[in-house]
Amino acid sequence: MIIKTLAGTLVAAAALAAEQPNVLFITVDDLKPMLGCYGDETIQTPNIDRLAARGTVFLNNYCQQAVCAPSRMSMFTGLRPDTTGVTDLKTDLRVHLPDAKTMQQVFKEHGYETLGCGKVMHGSRNEDPPSWSVPFMHDEHLTYADGWPVPADLQYQGKTVNDAFAQVESEGVKGWKKRKDRLVELNARPPFECIDVPDDAYADGAMAVWAAGQIEELSKHRKPFFVTVGFHKPHLPFVAPKKYWDLYDRSQFQPAPVQHEPEGAPGYAGHTWGELRSYSGIPSEGPLPLDRHAELIHAYHACVSYTDAQIGRLLDALDQSGAADNTVIILWGDHGWHLGDHGWWCKHTNYEQATKAPLIISAPGYDSAEAQTMSEFVDVYPTLCELTGIPAPEGLQGKSLVPALKDPASAIKDYSISQFPRGKIMGYALRTPRYRYVEWIKNGAVQNIELYDYQADPFETASLHQNPEYRDILRDLKTKMAEFLEKN
């Protein structure tokens, strides 16, 4: 009798596992909501747009911190940067918060096959081994196009560049930063590249081929899968096959309309975009010449379209496998990116272009929609748990977005919170549908504040915190910020 009961239990568990939806989690590095489904009429993103056509697009979504590791650790743990302790690119989640449970780890514990490849768990050493039931697939182990034993984006083409790589090797320069600095000295670290190569000569194309194969194979089994794919582009350097550059005419790109920092903001609220300055041909200080803006904006567009094509390969594999109707698909960009607005490039601020990021959720049984509610990346973990029936761990700091999947007009939260440190000062930005209020705090004391009204000033030209007309608004937002900081 005991044996029969146990066997019955195992059969029931297997049946339950078979009914649970799969998860395809698509991470895109430095992708801002400059997409067709977000209203951009220039960018060519047909595959992301077709995903949006069968999912919910969150139009007012914001990251927890506009830099890779903190944003990713918040997404995958459902915890804010002050809780994870990851507010830079050096801190290891498992050192600061060893008992944290990533969503992939929890799904693995509940019977899912969890696989990952690309750039995913930046902020946890070695892509966080506890998260995966199958060893993580690193770029160097992918299979590349014929004639490309290593990713093309790690070996820029051209005699000058290749000779420089050989010289750095012969000099025995060790360490990523030292090698990078030496390549810059040799004028051999270009910020972009346009060469005629197959998609899978680059890491993202090879990754898409691998992930599509995994989806096809996993779909044959009864065990549910959770596949996480971390695309690198459009992160610098902007490298993409020539055919994606050819989708655009460079003359259509113009510098951002506002080239100055917001008036009334503290000087440290902006930054000197050192990430871009670490490439050859970029001035080490001062503004980027306006005649160079178009080439970088063009390069960013090419990379987005290249990544879009790889996402299309994953969607095709899912459709062809027969698993699409039982798979939750999440697509997100870990933060936004300044493309010359305010005279800035890269991320690393609390402003709109850095903190607003795309989020699309497609789930079985839910119609296509556009959700207006404020949302944050910490909300995705509890959302995914609810959609799959897996118990959410205690202590998650977001709210499930499932009500917005059911009713896109629902308001799940009144505001989103982003943050960014400047040395020992932490800036917290509270974004409502209309306003952004920022407090810069050091040792518990507010050092500076900012206030922006996106209805009156969509380009953040000036902080309104000293404008008497906004006294009541300022008081209300200060109260909301105080409540948030006390709770979190």
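I started at the hairpin of β12 and β13: two residues sit between the strands, and G423 takes a positive phi near 65°. Helices (H or I, at least four residues) and strands (E, at least two) are DSSP runs here, numbered from the N terminus. This is a predicted model, where local features need pLDDT of at least 70, side-chain atom pairs count only at pLDDT 80 or more, and totals for chains, interfaces and linings use all residues. Residues are numbered from 1 along each chain as its sequence is written, and side-chain values use heavy atoms, with hydrogens and water left out.

**Strands β12 and β13**

I checked how the two strands pair, which takes at least two DSSP bridges between them. β12 and β13 are antiparallel, over seven bridges. I looked up P421 too, and its bridge partner in β13 is M426.

Is β12 buried or exposed? Seven of its seven residues are buried, so the rest of the structure largely encloses β12. For the cut-offs, buried is under 20% relative accessible area, exposed is over 50%, and partly exposed is in between (1.4 Å probe, protein chains only). Both faces of β12 are covered, with S416, S418, F420 and R422 buried on one side and I417, Q419 and P421 buried on the other.

**Helix α16**

Next I went to α16, residues 471-487. Its 17 residues at 1.5 Å each should span 24 Å, and the end C-alpha atoms are 25 Å apart, which agrees. The expected span is 1.5 Å times one less than the number of residues.

Which residues of α16 are buried? I noted L474, L477, K480, M481 and F484. Looking down the axis of α16, I found these buried residues within an arc of 130°, so they line one face of the helix. That arc is taken from the directions from the helix axis to the C-beta atoms. On the face turned away from the buried side I noted the exposed residues D472, E486 and K487.

What covers the buried residues of α16? The cover includes β12 (416-422), β13 (425-431), β14 (435-442) and β15 (445-453), with contact meaning heavy atoms within 4.5 Å.

I also picked out A482, which has its place in α16. A482 counts as partly exposed, at 44% relative accessibility.

**Aromatic rings**

A search of the whole structure gave me 18 aromatic pairs. Phe, Tyr and Trp rings (for Trp, the six-membered ring) pair if their centres lie within 6.5 Å; planes under 30 degrees apart are stacked, over 60 edge-to-face, and the rest tilted. W132 and F136 make a tilted pair, 5.3 Å centre to centre with 55° between the planes. W132 is buried at 7% relative accessible area, and F136 is buried at 11%.

Y248 and F253 have ring centres 6.0 Å apart and planes at 50°, so this pair is tilted. Y248 is buried at 7% relative accessibility, and F253 is buried at 6%. I also found a cluster linked by ring pairs: F25, F76, F107, Y112, F226, W332 and F377.

**Arginines over rings**

Here I wanted NZ of Lys or CZ of Arg within 6 Å of the ring centre and within 35 degrees of the ring normal. R277 lies over the face of W273, 3.6 Å from the ring centre. R431 lies over the face of Y454, at 4.0 Å.
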